[in-house]
Amino acid sequence: MGKGESSSKKIVSREEWERKLAEVKIRKEDMNKLVMNFLVTEGYVDAAEKFQHESGTSPEVDLGSITDRMAVRKAVQCGNVEDAIEKVNDLNPEILDTNPQLFFHLQQQRLIELIRSGKLEEALEFAQEELAPRGEENHSFLEELERTVALLAFEDTSNCPVGDLLDFSQRQKTASELNAAILTSQSHEKDPKLPSLLKMLIWSQNQLDEKVSYPRINDIVAARLEDPVT
Amino acid sequence: MPASAVCTKPEDLVESLSSLDTSARLKALRDVKNQIIGNKTKKLSYIKLGAVPRVVEILASDTDIPLLVQSAAAVGSFACGTDAGVKAVLDSGVLPHLLRMLSNGNNKVVEASARSLKMIFQSTLAPKNDMFQGRRIDLILALLNSGNENVSEVAASVLARCCETSEHQKALADAGCLQSLVFLLSGSPKRKEAALDALAALTRGNPDTSAALAATGAVSTISRTMKDKSPRARLLACMCLSNIGRAYQQEWDIRKSILSTVGKLIDENGQVGEEAPGVLADLVANNEELQKTAYDFNIIERLAEAQCSIAMALGHESEGVRIAACACIKSISRSVKNLRTTLTDERLVWPLFRLLNDPSPAVQASALSAVSNVVLDFTPHKAVFFQCGGPMLRLNAVWALRNLLYLADMSVKEKVMRELTVSTLVDLVCDSEEMVQEQALAFVRNLVYGSVASVQQIFAADAAILHAVERQLCVATRPEICTQALYVLSNVAAGNEYHKDAVMDFVAPALTGDRSVSILIKFLLDMSNPQLRVAAVWCISNLSFPESPGVGTRVARLRDAGIQLQLQKMFDDPCTDVKDRVKTTMEQFLCTDQMTSNTGQSVSCRLHPSAALTLSHSSWSSVLAARHKLYCCSNGAANRDAKVKLRAAPWSCGVVGSTMIIYLGGLHVPLSYSGLSIVSTMLSRDCGLDPQVKAISLVVLQSAELCGAVWLIESSIRQFDTRLTCMSFDQMLSGRRGCLLAAVIALSSVILWALAKPGTSVYLENNHYDPALKELLASGGVSLCATVAVCCGITPLLEEFVYRGFVLTSLAAYASPPWAIITSSLIFSLVHFKAPEETLVLFVFGCILGTVRLVAAVDADAAAVVVVVGKAALWRAGDTVGHQRCVAYVEGLGCLLLLLLLLLCSQLLHKEGKNKRTY
């Protein structure tokens, strides 16, 4: 970012910057769409319904499908993977049939849940019956499978090298993957647009830093303009 | 948590699929569906248990909505991912039911059945033609216009899969499919992709539908899609535009942007990245400008990076992807040389070769065409293709093998020929397709190019291949075929003497009397294609290549066949290539005439088992040259079976007869018979000459006769413009040390042998035949020396030159070798007629010497010179010491033994002989 060279850079004062920002006109509807996109993608059905009611923005998808999707996601987050699989299959059987990696991850999650609940024999049988053939089909799966089965080897699973698989974050990861797959099958973006806009903001600021000194947004949450460095 | 899936046995589940209780059926159906989705092994095991017909039964007979939806989903899942599943589903006759369900009032049922159909039609096993029967396609078209996004998407993707032939394309376009699909382009991303997919399928390789699509004004929409977020949509858009571009000339800008889009898509992961090269191949195929642009865009480097993905595509389970990857390799390796090196990377080549085994003939054909562009050293076990397969397959296969053999070493050639077999190759050369003929000839051309062993391959199975090539040359009309055939002959003509003569037999057949015009003339006169003329001149050039033993005869025959005359006319041929070649060839003709052969290489050889002779190469070739001189005319065809053949003394029997009469009347009788009396008359000695004077006179007389004979014969055949076949002993006697040395060694060994023989003195004393000789030998040093010189040197040379060299060679051109030998020996013995007994001996010796001469000529080697000179000397020595049959026979046998040994040596030496021109 070369702050040492700041003296040679053009300095834009706070007032000038704000004036320029004010010149940029953004349509209210676009902002609403952005919000709605976030709500829909992230699955906040109730909020989306309310927002639709208040702002009159169309959600562009059947809100009912969001409910289904959220139910699936919730099932995974609760560790009820089998239920999630049935729900996805009812929603669209194509999703799991055409996405072996996702299917494997769901089965893996199911194995993890079995191990977590202490059903070790059942877990072993499940791993042999369901997961082993997938590992044969794809080599990268085999590695993950080995890692998961390693859980069976430890008595104190919370303190073992592969203990992270038992974390809630693992469930969250699987749930997100499933969510994204459902979204894709519904011809919907799998990520909300808002985070990518923020990423773009940071990238543009970094680019700009090399040329000018201006009121930067350092705290994204509060979106406060900092005084330019002179 | 429903644990049923885990607890219930599959057999029981399948059983309950046919349960009478609806809820039990539904539950079993759901369980089965959930178990098989995403699980190939489960699918297969349920198929084995016979679940599919039961599910289809539900689909066909039930009306309950959840049951229909679940069963349709189960059917779709069975059909997804495994060919066995698709087969089971299709065998159960589900298709009509699914199609019927498309018109169901319930949206969910429609969606489920549409999805199932999509799954089924993703497989190559799907009965695509069935969809074009009756009103089915109308049904699909109706769904295409359905308000339900999923349904229209599914309909579009089913169309994309079904539409394969140009009839399909036409039928769909006529049904207004294009408009509906263009309308779908504005829908959701998924629907857009499906629509583009269907559009690409509809326009693939079909200018009519492409033009129709362009007419709908969709081009701008599709062009915009090239900037779509989804890589797949971008790729499909490029496909459509590329298809349209074939129908009519697109703006250059659009083409360039298609190219750059596709180029970037190569980097994409997954299916898109795999298919992009195929689209690229399609796009740049047969368009050099685009190929150049592709190069400018650095697409090639990307491709090189994406090699892995091409390699993966080669192993892709979808037939289409495999074909596309092959086509891509082919297009690119053809257009950009630099890439060829990277393309020959092992990673690419081996999968490519594996595809030669592919079950699908279409993949085999395209793999072969790719292989033909990227061949490396590989095991050509795929030659089997030639026996079966269509002309395209044969063509590409020959093409590939032809390129494989280009500059290949002997082991590869042998391997290929072992696999291919001579008869298959002959069939290919005479194939019904002209393109195959041409490639097969090119294959033969590469096969016989190189070492003598390579050339020898064409002579396998009674030279069946060569005859096939010659037949083609006679009947073929396409200049390309003739060119290749001529190059085959040209390469064969670069082989050894036998090979050259085989070609000679074809291009200038030696027929008795009537001399037909060479077939080459036809090609030399062909002004339509300079390539033909170049090939024909190459052929002549190789035949007349100097420093090969039989070149003199060949040049004479070629000249006789009118080729030299034609070549002279071609000195200012419009084609520079032809001109250069003609020039070189004419120089070779001249060079052959002058017989100047000098190479610095040294070759050592053992000529004689008793006397090791080491000759420098220059003297070696002079021995060769001298042999030509000595025997008047060069040697004819050689046959490994020692079947003696001699041809091509260009002068007729009449010339031989008149020359012989002049020789006998003008030289032999005056000098040999009356020479001594003339000398004595001149010296006015009545009572006889002093032995010394007599001996010296003999030397002078015999030398005079020799010189006279040389001059006479040379001048009598000079009118045939074949100076090469004339002889001048001065060359041999002056600078050619090697030959002289050989002759001297042979002479001295013979003389020593003859003198050391016990009983020689007895013969000398009992010699009743020529007391004059005895007197000469006994009367002092000078006389002895002169007599020996005459009897062992000058006279044998003279006689060999006249009788074997001139008479025998001339006769051999017009009669079979035995007759030629017998006739010349008869003349020889009659001319020397003194007593019946002696004449018989002379006749036998004439035969032996003639055989030696001809056999020696067959296996061209200087050893033969030594033998013949030695033999002549031996015989003359025998003559000197006294005629006796027994001695003569013994010597004759000894001579033949010696000859055999020397032939053996010469065989070995022959292999080292590098007297050929490669091409």
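This is a predicted model: local features need pLDDT of at least 70, side-chain atom pairs count only at pLDDT 80 or more; totals for chains, interfaces and linings use all residues.
Residues are numbered from 1 along each chain as its sequence is written, chains are lettered from A and ligands numbered from 1 in the order in which they are written, and side-chain values use heavy atoms, with hydrogens and water left out.

**View 1. Chain A: 11 helices and 2 strands.**
Helices (DSSP runs of H or I, at least four residues) and strands (runs of E, at least two) are numbered from the N terminus. Along the sequence, the pattern of chain A is β-α-α-α-α-α-α-α-α-α-α-α-β. Chain A has 230 residues, and 41% of them are buried. Buried means under 20% relative accessible area, exposed means over 50%, and partly exposed lies in between (1.4 Å probe, protein chains only). Chain A exposes about 13400 Å², with 53% of it supplied by carbon and sulfur atoms. Such accessible areas come from the Shrake-Rupley method with a 1.4 Å probe; for residues, only the protein chains shown count as cover.

**View 2. Chain B: 52 helices and 0 strands.**
Of the 919 residues in chain B, 56% are buried. Take the contacts (heavy atoms within 4.5 Å) in chain B between residues at least 6 apart in sequence: 71% of them join residues at least 24 apart. Chain B exposes about 38200 Å². Carbon and sulfur atoms supply 58% of that area.

**View 3. The interface of chain B and chain A.**
Here 26 residues of chain B are in contact with 23 residues of chain A. Together the two chains bury about 2200 Å², 45% of it on carbon and sulfur atoms. Buried area is the accessible area (1.4 Å probe) that two parts lose on being put together, summed over both. There are 14 residue pairs in polar contact between the chains, both residues at pLDDT 80 or more. A polar contact is a pair of N or O atoms within 3.5 Å; within protein, one must be able to donate a hydrogen and the other to accept it, and residues adjacent in sequence count only if both atoms are side-chain atoms. On the side of chain B that touches chain A, the elements that give two or more residues include helix H1 (4-7), helix H9 (107-122) and helix H14 (189-203) of chain B. The residues on that side divide into 10 nonpolar, 7 polar and 9 charged. Here Ala, Val, Leu, Ile, Met, Phe, Trp, Tyr, Cys and Pro count as nonpolar, Asp, Glu, Lys and Arg as charged, and the others, Gly among them, as polar.

**View 4. A salt bridge between Lys118(B) and Glu94(A).**
Side chains of opposite charge can pair when their charged atoms come close. A salt bridge is a side-chain nitrogen of Lys or Arg within 4 Å of a carboxyl oxygen of Asp or Glu. Lys118(B) and Glu94(A) meet at 3.1 Å, N to O. The interface of chain B and chain A has 7 salt bridges. The count over all chains is 28.

Glu113(A) is buried at 10% relative accessibility, while Arg116(A) is partly exposed at 35%. Arg134(A) is buried at 2%; Glu137(A) is partly exposed at 44%.

**View 5. A salt bridge between Lys192(B) and Asp228(B).**
The closest N and O atoms of this pair are 2.7 Å apart. Lys192(B) lies in helix H14 and Asp228(B) in the loop between helix H16 (219-225) and helix H17 (231-247) of chain B, so the pair ties together parts 36 residues apart in sequence. Lys192(B) is buried, with a relative accessible area of 16%. Asp228(B) is buried, also at 16%.

**View 6. Asn145(B) in a loop of chain B.**
Asn145(B) sits between helix H10 (136-144) and helix H11 (149-162). Asn145(B) is exposed at 52% relative accessible area. A polar contact of 3.1 Å joins its side chain to that of Ser180(B).
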